[in-house]
Amino acid sequence: MRLYFVFQEIWIGLRRNLTMTISLVITVAIAMALFGTGMLLKKQVDSSKTYWYDRVNVSIYLCAKTSSNQACGKKEATQKQREDLIATLKELPEVAEVDYETKGEAFERFKELFANTPGMIAAVKEGDIPDSLRVRLVDPSNYASVISASKNTPGVDQIVNERELLEKLFRILGGLQWAALFIALIQVFAAVLLVGNTVRLSAFSRRRETNIMRLVGASNMYIQLPFILEGAIAGLLGGVIAALLLVGSKLLLIDRLQESLQFATQLTWTQVAGVIIFSMAVGVLLCAGASFLTLRRYLKI
Amino acid sequence: MINFDNVTKVYPNQNRPALQHCNVAVEKGEFVFLVGPSGSGKSTFLRMVLKEERPSQGRVYVAGKDLGKLTNWKVPHLRRRIGCVFQDFRLLPNKNVAENVAFALEVIGKPRRFINKVVPEVIDLVGLDGKQHRMPDELSGGEQQRVAIARAFVNRPMILLADEPTGNIDPATSIGIMKVLDRINRTGTTVVMATHDAAIVDAFRKRVVELEDGRVVRDQSRGVYGQAY
């Protein structure tokens with residue numbers, strides 16, 4: 001096998017179909033970048049999910065003078081009401097712990113949480129967040145009994161199940177991830193068709209050479225290899241660009257999301273590298289495979 | 001060297017067979033003219049030797065091997081031992097004479113040193129010494145055909161197939177081409193040449209196999225083209 005010869009043929013082929021090659025590289029790059037972003041998001045969402053689901057509480061907000069709930073009647077929950085509720089909750093087997101958080105503590109926690117956004121802190125003053133009971137569960141998915149036990153109890157304003165809030169958030173992120181994967185799939189389809197076209201053009205423009213190769217007894221591999229490598233190199237170039245885009249999406253999209261959403265777990269560069277290698281391999285194999293399949297139709301052996 | 005055993009070829013969607021019950025044996029080192037009008041099956045005959053077509057019936061043997069039993073991936077190895085020359089030369093227009101000849105060796109993976117040694121030799125043999133670096137469009141038709149012959153012969157095949165090699169060349173130049181083919185035949189290579197050219201067949205007095213409607217109607221050693229033409 002004379003490598004120099006093969007690479008010369010590939011270079012000629014890629015240059016002859018330059019516009020086709022460029023469009024192929026771009027399509028593969030976008031497809032793989034979206035595919036990778038989808039995978040990164042999935043990794044991020046999965047790890048955040050396990051992290052958060054272990055820590056979610058059911059918050060029971062007690063009546064305050066400002067609460068709009070009719071049942072409260074513009075009256076603050078009494079100490080007795082509160083202590084009764086705590087006692088009932090503590091008896092439930094699903095409950096691990098009940099914490100009483102005063103207005104002051106809640107405000108302190110709020111200030112900590114939004115330390116980066118002074119506007120938020122300025123808009124809220126102590127007392128806006130009412131007293132609450134924070135109920136930690138043994139099994140976070142087993143929250144129904146806590147809700148039924150505290151519902152319609154005097155002195156209770158609102159019951160907020162944090163898990164439901166998180167689920168809403170993760171549903172949005174999950175949707176984002178599926179959208180990315182779906183668009184990636186369409187792009188992959190387009191890329192496969194483009195590879196087919198590129199190889200067909202290339203086979204046509206080199207029909208003289210391949211005809212002679214066939215006649216003088218070049219092996220099938222020798223005849224096909226330049227075409228397949230042509231596809232694979234275009235795929236690799238697309239993969240490299242996709243890798244750059246993925247690094248960009250980690251820095252600009254996922255890290256930003258992390259800052260604003262308090263993901264708590266950080267996607268490591270090792271994970272990003274894994275995704276990049278995987279999507280590059282998919283790109284290269286996809287293009288090489290598509291070239292090979294097209295060759296069977298357009299290159300008589 | 002080449003043996004057609006009762007070969008019939010019918011192309012798909014065609015009623016008339018291209019070859020019918022063809023029995024031809026060509027010995028090693030022979031020079032055979034394959035004559036007959038257009039559509040008589042000459043090209044089909046040559047394509048079958050290369051296993052570009054397979055017989056509908058009967059068997060084709062090349063160098064003692066039944067081509068019907070040759071697996072697809074071994075076909076290139078068969079073709080390495082058979083050289084081909086065509087009416088339309090089939091040179092690569094963007095390569096010069098030496099590169100065109102070298103191409104045949106490059107694509108079968110011969111080492112560079114070997115190629116550098118044998119390409120000038122074979123260019124000398126076909127009478128093109130000094131024109132190694134010419135491009136095909138700077139050469140006459142006869143010279144282009146010599147390049148094609150050099151390319152077909154550079155790997156020292158045991159068989160050389162020529163499909164109307166003088167079809168695009170004037171009679172005077174054709175004699176030169178025939179001399180090259182004769183020289184190649186004298187090195188022990190079997191040559192099978194399909195042709196329309198009565199003058200050449202008559203002048204060379206080699207074996208003549210005449211086809212008509214796919215049948216062998218004459219097989220004559222030291223024959224002529226035929227009275228009818």
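Student: Let's start with Phe153(B). Which helix is it found in?
Tutor: Phe153(B) belongs to helix 5 of chain B, which covers residues 141-153. Helices here are DSSP runs of H or I with at least four residues, strands are runs of E with at least two, and both are numbered from the N terminus. Keep in mind that this is a predicted model, where local features need pLDDT of at least 70, side-chain atom pairs count only at pLDDT 80 or more, and totals for chains, interfaces and linings use all residues. Residues are numbered from 1 along each chain as its sequence is written, while chains are lettered from A and ligands numbered from 1 in the order in which they are written.

Student: Got it. Does Phe153(B) count as buried or exposed?
Tutor: Phe153(B) counts as buried because it has 24 C-beta neighbours inside 10 Å. A residue is buried if 20 or more other C-beta atoms lie within 10 Å of its own, exposed if 12 or fewer, and partly exposed in between, with C-beta atoms placed from the backbone.

Student: And what does Phe153(B) touch?
Tutor: Setting aside residues up to four places away in sequence, Phe153(B) touches Gly83(B), Val122(B), Leu160(B) and Ile184(B). Being in contact means that the C-beta atoms of two residues, placed from the backbone, lie within 7 Å.

Student: Which residues in the largest nonpolar core touch the most other members?
Tutor: That core has 71 residues, and the ones touching the most other members are Leu34(B), Val101(B), Ile123(B), Ala150(B), Leu160(B), Leu161(B) and Val192(B). A nonpolar core is a set of buried Ala, Val, Leu, Ile, Met, Phe, Trp, Tyr and Cys residues joined through C-beta atoms within 7 Å. Helix 3 of chain B (residues 97-106) gives the most to this core, with 7 residues. Val101(B) has contacts with Val119(B), Val122(B), Ile123(B), Val147(B), Ala150(B), Arg151(B) and Val154(B), again leaving out residues up to four places away in sequence. Apart from this core lies another, of 47 residues, which includes Val28(A), Leu34(A), Ala184(A) and Leu267(A).

Student: Back to the helices of chain B. How many residues of helix 1 are buried?
Tutor: In helix 1 of chain B (residues 42-49), 6 of the 8 residues are buried, so this helix is largely enclosed by the rest of the structure. Those residues are Lys42(B), Thr44(B), Phe45(B), Leu46(B), Met48(B) and Val49(B). After the helix comes Lys51(B), whose phi is positive, near 60 degrees.

Student: Zooming out, what radius of gyration does chain B have?
Tutor: Chain B has 17 Å, which agrees with the value near 17 Å for a compact globule of 229 residues. The radius is taken over C-alpha atoms, and the globule rule is 2.2 Å times the number of residues to the power 0.38. Chain B has 7 helices and 10 strands, and 41% of its residues count as buried.

Student: New topic: how many helices and strands does chain A have?
Tutor: Chain A has 10 helices and 4 strands. Its radius of gyration is 30 Å, well over the 19 Å that the globule rule gives for 301 residues, so chain A is more spread out than a compact globule. The C-alpha trace of chain A spans about 100 × 40 × 30 Å along its principal axes.

Student: Where is confidence lowest in chain A?
Tutor: Confidence is lowest in helix 5 of chain A (residues 118-123), with a mean of 77, and highest in helix 8 of chain A (residues 207-215), at 89. Chain A averages a pLDDT of 82; pLDDT is the predictor's confidence in each residue, from 0 to 100.

Student: How many residues of chain A are in contact with chain B?
Tutor: There are 15 residues of chain A in contact with 14 residues of chain B. Helix 8 and helix 9 (220-261) of chain A each supply at least two residues of the side of chain A that touches chain B. Helix 8 of chain A gives the largest share of that side, 6 residues.
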